[in-house]
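Here is a short briefing on one protein chain. Look at the sequence and the structure first, then read the points below.

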Amino acid sequence: LTFSPWEMFLNAGPVVRCVMVLLAVASVLTWTIFVAKSVELLRVRARLHKAEQALEQAGTLDLGEERTRQIGIAHTLVMAAETERARSADILHDSEGLKERIVLHLERLEAAEGRRLMRGTGVLATIGATSPFIGLFGTVWGIMTSFTGIAASKATSLAVVAPGIAEALLATALGLVAAIPAVVIYNHLARQTASCRAQVADLTALVMRLVSRDLGRTLGLGNSGQVVRLDQARDVRTVAGE
């Protein structure tokens, strides 16, 4: 007599059946996260590549701000640098201090973006780590139930024992079916996320290059006694010798 997985599921006890349902839900959740995160990371990488090109072509931080609008984290990084530069407009001859403050802010934004990119993948790690043990619990419970039934009926024939054991072992199989893809997908998404984080770090470096370039121009104009433009909202006039 042969049993299909569906028939074994229907004939299993309530505890084993609940374990199977839980593992099936975990498997569906794994593939749902895989599809959703793959699409998200694909879009993120495209936006980061576009932002990198925009910042490469920008000659100043103000131009970088204009060209990265509607590009997510890139615009956030540029605006953070712009904001810190505007707040430090009244601190003269503090280029190194300004760079340090901007770097600290950008590092926190970069870390927050990395955490956002990894959001949802922790579920995969949990499924990969726990699914085999959940399936094993269902198997142990099913075998215990089968042996209890054998003792109660006093029948030792293999035909009596086999169906219950087969139903119990199905729980272990479902546990592996849920765990193996979860681990593989988690590692894949971790690599993709690391690649995106590296691109964000590249954007941070590009923003700092624009900041350094603007500060270099400011210092040069200040030494020559010309008008120094620190931001879009305020002009600070610096005359040599003052």
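Buried means under 20% relative accessible area, exposed means over 50%, and partly exposed lies in between (1.4 Å probe, protein chains only). This is a predicted model: local features need pLDDT of at least 70, side-chain atom pairs count only at pLDDT 80 or more, and totals for chains, interfaces and linings use all residues. Residues are numbered from 1 along each chain as its sequence is written, and side-chain values use heavy atoms, with hydrogens and water left out.

**Confidence**
- Helices (H or I, at least four residues) and strands (E, at least two) are DSSP runs, numbered from the N terminus.
- Where pLDDT is low, the predicted coordinates should not be read in detail.

**Nonpolar cores**
- A nonpolar core is a set of buried Ala, Val, Leu, Ile, Met, Phe, Trp, Tyr and Cys residues joined through side-chain atoms within 4.5 Å.
- The largest one has 31 residues, and Leu203 and Val207 have the most contacts inside it.
- Helix α7 (158-224) is one of the elements that give two or more residues to this core, and α7 gives the most, with 11.
- Leaving aside neighbours within four places in sequence, Val207 is in contact (heavy atoms within 4.5 Å) with Leu55, Leu61, Leu77, Val78, Ala81 and Leu106.

**A buried glycine**
- Gly135 is found in helix α6 (residues 121-153).
- Is Gly135 buried or exposed? Gly135 counts as buried because its relative accessibility is 0%.
- Not counting residues up to four places away in sequence, Gly135 touches Val19, Leu23, Ala171, Thr172 and Gly175.
- Gly135 and Ala171 are 36 residues apart along the chain, yet their C-alpha atoms are separated by 4.7 Å.

**Aromatic pairs**
- Rings of Phe, Tyr and Trp (its six-membered ring) pair if their centres lie within 6.5 Å; planes under 30 degrees apart count as stacked, over 60 as edge-to-face and the rest as tilted.
- The count comes to two aromatic pairs.
- Trp31 and Phe34 form an edge-to-face pair, 5.9 Å centre to centre with 90 degrees between the planes.
- Phe137 and Trp141 have ring centres 6.0 Å apart and planes at 45 degrees, so this pair is tilted.
- Phe137 and Trp141 are separated by about one helical turn because they are four residues apart in helix α6.
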